[in-house]
Amino acid sequence: MKKRLRNLVLWFFLLIVLAAAAAVGGAWSWMHRPIALSADRVDFVVDPGSSPRTVARALNAAGVPIWEPGFVWMARLSERDKLMKAGGYQAINGDTPWLLLERLARGDMTQRQITFLEGWTYRQIRQALRENPDVKQTLGDTSDEALMERLGSEVKHPEGMFFPDTYVFTPGSTDYDLLRRAYQEGQRILADTWDKRQSDVAVATPYEALVLASIIEKETGHGPDRRRVSGVFTNRLKIGMLLQTDPTVIYGMGDAYQGRIRKRDLQTDTPWNTYTRPGLPPTPIAAPGRAALLAAVQPEQHKFLFFVSRGNGTSEFSVNLSEHNRNVSRYILGQGQRTAPAAAPAPAAAPAPAGPPADAAPESEPEQGQDQ
């Protein structure tokens, strides 16, 4: 009986060893077996931050059939998952899963990519293009107005007109080509977003929605707050109340802004100073992303007229000035900082507040904008 049991155990372990050997052999065979591509060459893109599973799904979506669990384990066991680089790649007829993984780990791209971040200004976008060694510089001293005319835009100011996203391109593509793509993408998304607007929005045109979205983009990066911030500005616009938002002041200051806003900056009139001028500024102040655009045309319905940063990326909202001043004391003054919020109300007919905001700093003390 014991001998029979021992033989059964031996056979059981033998079967396990054989199964493991078969699995290893099958895995090795799969890793080095050419993939049946849908064409001789198939382009695909690996987005920044992609995991092995995300890459496998991108390959399948592009027409490179690959076994997802096998690709994931192959990447992790070989530790190539830590080396894979984002960018544009090409699968070539005869490639095996292992060859593809090696190509991703080496960063052997057929294409390059450039990212324009949400909240970037047009100046930052142009700087990123100039600094990219794979982008051919052709615009030189082309004026902003000439560029917009070349793009076929009725808008002459370029700010906010180029959608922030990651663009894949072949080395040698021109700065104009990339701006054209970003402009066209921005127009497409803006039109699509405008079609989703609520019936009672305070903006009258897609361009006004773009302007408002740019302010929302700079005021908060906290997703759940976007529509609520939009509701504050919508409420103010509807009653003719000054927007009084620091990011517009900063934009109007241009190179004079060195990281601080003082009381005199709030009182110095520029076309973008929403403390001295009613309504929206004449142009966007940055490139808003899709979420900010949607918030601009779908504001949250509420009665809030004020908000202030809590210091952790979120905002505290209030319906009247006394509540707002208490929030300022709690979240700003209590931390030894001072700020000018999207703040003190002013009569619609007044070109500027009757006086500085209730929590404005003395002339000698710096004020820090909410988007900082």
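Helices and strands here are DSSP runs, with at least four residues for H or I and at least two for E, numbered from the N terminus. This is a predicted model, so local features need pLDDT of at least 70 and side-chain atom pairs count only at pLDDT 80 or more, while totals for chains, interfaces and linings use all residues. Residues are numbered from 1 along each chain as its sequence is written, and side-chain values use heavy atoms, with hydrogens and water left out.

Overview first. The chain has 13 helices and six strands. Of its 372 residues, 45% count as buried. Buried means under 20% relative accessible area, exposed means over 50%, and partly exposed is in between, with a 1.4 Å probe and protein chains only. The accessible surface is about 18700 Å², and carbon and sulfur atoms make up 53% of that. Those areas come from the Shrake-Rupley method with a 1.4 Å probe; for residues, only the protein chains shown count as cover.

Now contacts, meaning heavy atoms within 4.5 Å. Take those between residues at least 6 apart in sequence: 67% join residues at least 24 apart.

Start with H5, residues 122–131. Which residues of H5 are buried? They are Tyr-122, Ile-125, Arg-126, Ala-128 and Leu-129. Seen down the axis, they fall within an arc of 155°, so they line one face of H5. That arc is taken over the directions from the helix axis to the C-beta atoms. On the face turned away, H5 carries the exposed residues Arg-123 and Glu-131. The cover over the buried residues of H5 includes strand E3 (112–115), H6 and H7.

Then H12, residues 290–297. Its buried residues are Ala-292, Leu-293, Ala-295, Ala-296 and Val-297. Their cover includes H7 (175–194), H8 (206–219) and H9 (226–239).

On to the rings. How many aromatic pairs does the structure hold? Nine. Rings of Phe, Tyr and Trp (its six-membered ring) pair if their centres lie within 6.5 Å; planes under 30 degrees apart count as stacked, over 60 as edge-to-face, and the rest as tilted.

One of the pairs is Tyr-122 with Phe-162. It is stacked, at 5.6 Å centre to centre with 20° between the planes. Tyr-122 sits in H5, while Phe-162 sits in the loop between H6 (144–150) and E4 (166–169), 40 residues apart. Tyr-122 is buried at 8% relative accessible area. Phe-162 is buried at 1%.

Another is Phe-233 with Phe-307, an edge-to-face pair at 5.8 Å centre to centre and 80° between the planes. Phe-233 lies in H9 and Phe-307 in E5 (306–309), so this pair ties together parts 74 residues apart in sequence.

Two arginines lie over rings. The test is NZ of Lys or CZ of Arg within 6 Å of the ring centre and within 35 degrees of the ring normal. Arg-228 lies over the face of Phe-317, at 5.6 Å from the ring centre. Arg-150 lies over the face of Tyr-176, at 3.6 Å.

Phe-317 brings us to strand E6, residues 315–318. Ser-315 and Phe-317 point one way, Glu-316 and Ser-318 the other, and all are buried. E6 pairs with E5 in the antiparallel sense over four bridges. Strands pair if DSSP finds at least two bridges between them. Val-308 stands opposite Glu-316. The two strands form a hairpin with five residues between them, and Gly-311 in the turn has a positive phi of about 90°.

Look at Ser-315 in that strand. Ser-315 is buried, at 5% relative accessible area. Beyond neighbours within four places in sequence, Ser-315 contacts Asp-225, Phe-307, Val-308, Ser-309 and Arg-310.

Glu-79 has a positive phi near 65°, and it is not a glycine. Glu-79 lies in the loop between H3 (68–77) and E2 (87–92), partly exposed at 48%. Gln-244, also not a glycine, has a positive phi of about 45°. Its place is the loop between H9 and H10 (246–253). Is Gln-244 buried or exposed? Buried, at 0% relative accessibility.
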